Amino acid sequence: MIVAPKIRGFICTTAHPDGCAKHIADQIAVVKGRGPIENGPKKVLVIGASTGYGLASRIATAFGSGAATIGVFFEKPGDKRRTATAGWYNSVAFEKEAQAAGLYAKSFNGDAFSDEMKTQVCQAIKDDLGQVDCVVYSLASPRRTHPKTGETFRSVLKPIGESYTNKNLDTTTGVVNEITIEPAEGDEPAQTIAVMGGEDWQMWIDTLLEQNLIAPGATTLAYSYIGPEITWPIYTKGTIGGAKEDLERVQRLLDEKLAPLDGKAWVSVNKALVTQASSAIPVVPLYISLLYKVMKDAGNHEDCIEQMDRLFRDRLANRNPQPDENGRIRVDDWEMLPEIQQTVMDAWKKVTTENLPELGDLADYQASFLRLFGFGIDGVDYDADTDTAVKVPSIS
Ligand code: NAI
């Protein structure tokens with residue numbers, strides 16, 4: 001089948017298998033180009049391993065420190081007439097590359113929030129790895145069915161208390177307009193915490209600990225975002241921010257639980273980047289398109305893979321986490337540099353549809369978005385017939 005992008009709002013409903021494979025190869029090349037990560041983890045479980053930060057964590061640990069990896073994700077396989085989701089093709093390519101490099105890699109496609117998934121993954125760790133020395137928790141999901149009560153919760157991206165009006169970018173048309181988002185109602189903040197907060201992370205670590213599957217000295221990580229004040233009403237102080245606060249509560253709890261094993265739980269605050277999850281947040285894409293330009297001009301722009309390489313290489317393996325006053329690792333440090341923020345905020349005040357091409361980088365935003373789905377990647381023949389039904393080797 002010849003595959004072209006089909007964009008619907010902030011998602012692309014097709015993905016290109018060869019493009020995703022090349023995207024994976026490019027990310028592996030970044031990590032390898034920086035040399036081996038000495039003292040990195042060797043047996044890694046990544047929950048949310050198929051796209052964005054989780055995928056980059058899997059690549060950085062596998063190809064940086066030679067880790068065996070188990071990846072959990074929720075993706076749709078393709079068939080002869082319909083493409084798979086990008087995360088599926090990413091995982092096909094990741095496993096093939098891992099196999100070729102002699103690295104163990106196993107993947108599980110299904111609901112990470114369920115007890116069944118935890119049982120299957122624990123069995124694989126028991127059978128194949130014995131224990132894990134790193135657990136990355138990188139889920140971004142709009143809903144969660146609670147494994148004990150069966151109740152389904154939905155997360156919302158809304159301010160709390162009062163409505164929020166700010167500039168916004170229609171990433172398809174390039175129009176800069178204004179958006180007003182009404183505040184969360186009723187139990188929406190609590191529902192968002194139930195989906196994106198720390199309860200499930202804790203359930204994973206508790207289950208692994210109960211079964212003695214966590215190695216001495218192990219690390220567990222979950223990811224958060226803070227960003228500039230202009231986005232706080234919709235992010236840090238909004239419903240999602242409440243969930244991230246809960247993640248930090250669980251981090252402190254897990255830190256205590258892992259202490260007897262000499263282990264450590266971390267929340268790493270990462271940079272704002274174009275991913276499937278972030279493109280769904282109002283206001284943030286405009287900020288990202290300005291930020292990308294400013295950071296590229298300053299020569300300190302990073303994508304997911306550079307961020308995760310820096311996290312595992314410079315902060316964790318080097319034993320130099322540089323925690324902030326709340327005990328969080330900050331690989332958003334370059335994004336938050338005062339000079340970067342000042343330039344972005346100056347642009348924010350001035351930006352309109354007309355001057356966006358000059359102040360920001362819409363073309364780059366759109367290209368980064370398409371790359372998530374395997375499109376617009378150098379060296380890929382998009383006119384060629386491609387097999388859309390490819391399988392993840394470890395998933396029959
Ligand atoms: P993403 O959308 O690229 O990846 C989400 C992953 O979760 C995918 O592997 C997906 O298959 C998996 N997933 C979703 N629901 C699942 C389920 N029920 N069962 C199993 N797997 C499931 O998201 P992204 O952006 O990489 O986000 C990951 C984490 O990083 C989130 O906690 C997010 O808040 C955080 N973060 C993201 C930033 C950004 O700018 N994108 C910035 C800082 C933190």
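I count a charge as sitting over a ring if NZ of Lys or CZ of Arg is within 6 Å of the ring centre and within 35 degrees of the ring normal. By that rule, the charged end of K264 sits over the ring of W266, 4.5 Å from its centre. R310 lies over the face of W334, with 3.6 Å to the ring centre.

Ground rules for these entries. The model is predicted, so I ask for pLDDT of at least 70 for local features and 80 or more for side-chain atom pairs, while totals for chains, interfaces and linings use all residues. Residues are numbered from 1 along each chain as its sequence is written, and side-chain values use heavy atoms, without hydrogens and water.

Aromatic pairs. I looked for Phe, Tyr and Trp rings (six-membered ring for Trp) with centres within 6.5 Å; planes under 30 degrees apart are stacked, over 60 edge-to-face, the rest tilted. The structure has six such pairs. I took up Y137 and W201: their ring centres are 6.4 Å apart and their planes at 20°, so this pair is stacked. Y137 is in strand β6 (residues 132-137) and W201 in helix α6 (residues 199-210), so the pair ties together parts 64 residues apart in sequence. My helices (H or I, at least four residues) and strands (E, at least two) are DSSP runs, numbered from the N terminus. Y137 and W201 are both buried. I use buried for under 20% relative accessible area, exposed for over 50%, and partly exposed for in between (1.4 Å probe, protein chains only).

Strands. I call two strands paired if DSSP finds at least two bridges between them. Strand β3 (residues 43-47) and β4 are parallel, with five bridges. V44 stands opposite T69 in β4. I then checked the cover on β4 (residues 68-73): six of its six residues are buried. A68, I70 and V72 point one way from β4, while T69, G71 and F73 point the other way.

Next, the hairpin. Strands β9 (residues 164-170) and β10 (residues 175-181) run antiparallel, joined by seven bridges. N166 has I179 in β10 as its bridge partner. Four residues lie between the strands, and G174 takes a positive phi near 80°.

Ligand. I count a residue as near if one of its heavy atoms lies within 4 Å. There are 30 residues around the ligand; S50, Y53, A112, K244 and T275 come nearest. α2 (52-65) and β11 (214-224) each supply at least two residues of the shell. I also listed backbone N or O atoms against ligand oxygen atoms. L273 is at 2.9 Å, F74 at 3.1 Å and Y223 at 3.5 Å. How much of the ligand's accessible area does the protein cover? I get 93% of the 840 Å² that the ligand has on its own. Areas are from the Shrake-Rupley method with a 1.4 Å probe; for residues, only the protein chains shown count as cover.

Two single residues. D324 is in the loop between α9 (304-317) and β13 (329-330). Is D324 buried or exposed? D324 counts as buried because its relative accessibility is 14%. Its side chain makes a polar contact of 3.0 Å with that of R330. For this I need N or O atoms within 3.5 Å; within protein, one must be able to donate a hydrogen and the other to accept it, and residues adjacent in sequence count only if both atoms are side-chain atoms.

A29 is in helix α1 (residues 17-33). A29 is partly exposed, at 46% relative accessible area. A29 and I59 are 30 residues apart in sequence and 9.9 Å apart in space, C-alpha to C-alpha.
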